Amino acid sequence: MGRILLVEDESAIARTIEFALREDGHDVDHALTGGHALDLAAKGTHDLAILDVGLPDIGGFALCRELRRRADLPVIFLTARDAEADRVLGFEIGADDYVAKPFSPRELAARVRAVLRRSGGAASSGPFAHDAQGHRIAFRGKPLDLTRYEYGLLAALLQRPGAILSRAQLMDRVWGGDSDSTDRTVDTHIKTLRAKLRAAVPEADPIRTQRGLGYSLHLD
């Protein structure tokens, strides 16, 4: 199964989650703090992260952004807060699922399986085949030779096909805290990404510009 990075500062909750995940066949690395999680992430490759929003050092949302700068990692948030604003923020920064406490560890394990099925390995998304661990994407059977940022943009759009992602969202997801990057940087990389998609399949143009809003990816 998968290797899971679990970041939860309440030891009792972490133990029940670890037990459920190991029973489901996963390996689990547990961190009590965001700093410890970053150390674990630097030492090995994980297939998915489960992040508590209310950590004592780095907030779960900020930790998600930092982890996503290093790898295209599926994320499930855990939180004691069930406010709509928190859920919306979590999904806007790229969460794959959001679970409010208290919850059933078995249900969480089932959600982990579902997210791994959607994002792990060489997942097929219509005409795209995405190898998230290898950072490779093929379009209609043709491998794409992508730069780091082109890959990040296409991977972000593939996570939410049909959804409009603003330039700010794409900037945060792909470039993170790089203060030298601007909205124009996103537009420039989208242009080169489109050129590579057309080079692979001349009649295709799956990335659509939503004027004044951002970009979306369509799989038809």
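Predicted model: local features only at pLDDT ≥ 70, side-chain atom pairs only at ≥ 80, totals over all residues.
Residues are numbered from 1 along each chain as its sequence is written, and side-chain values use heavy atoms, with hydrogens and water left out.

Let's begin with the sheet. It is open, has 5 strands in the order β2-β1-β3-β4-β5, and the pairing is parallel. Strands here are DSSP E runs of at least two residues, helices are H or I runs of at least four, and both are numbered from the N terminus. Two strands pair if DSSP finds at least two bridges between them. Which strands stand at the edges? They are β2 (27-31) and β5 (97-100); each has a single partner strand, so one side of each is left without a neighbour in the sheet. On average, neighbouring strands are turned by 20° against each other, direction ignored.

Take a look at β1, residues 3-7, which pairs with β2 in the parallel sense over 5 bridges. There, valine 7 stands opposite alanine 31 of β2.

Now the helices. Helix α2, residues 34-43, packs on the sheet and touches β1 and β2, with its direction at about 140° to that of β2. Contact means heavy atoms within 4.5 Å. For the angles, axes are lines fitted to C-alpha atoms, for helices over the stretch in contact, and values run from 0 to 180 degrees between N-to-C directions. Helix α3 (60-70) lies across β1, β3 (48-52), β4 (75-79) and β5, at about 160° to β3.

The protein is divided into domain 1 (2-120) and domain 2 (123-217), with bounds from an automatic or database domain assignment. Their centres, taken over C-alpha atoms, are 25 Å apart.

How many residues are in contact there? 14 residues of domain 1 meet 16 of domain 2. About 1200 Å² is buried between the domains, with carbon and sulfur atoms giving 37%; that is accessible area (1.4 Å probe) lost on putting the two parts together, summed over both.

The rule finds 1 salt bridge across this interface, meaning a side-chain nitrogen of Lys or Arg within 4 Å of a carboxyl oxygen of Asp or Glu. On domain 1's side, α3, α4 (84-92) and α5 (105-119) each give two or more residues, and α3 gives the most, with 3 residues. Thanks, everyone!
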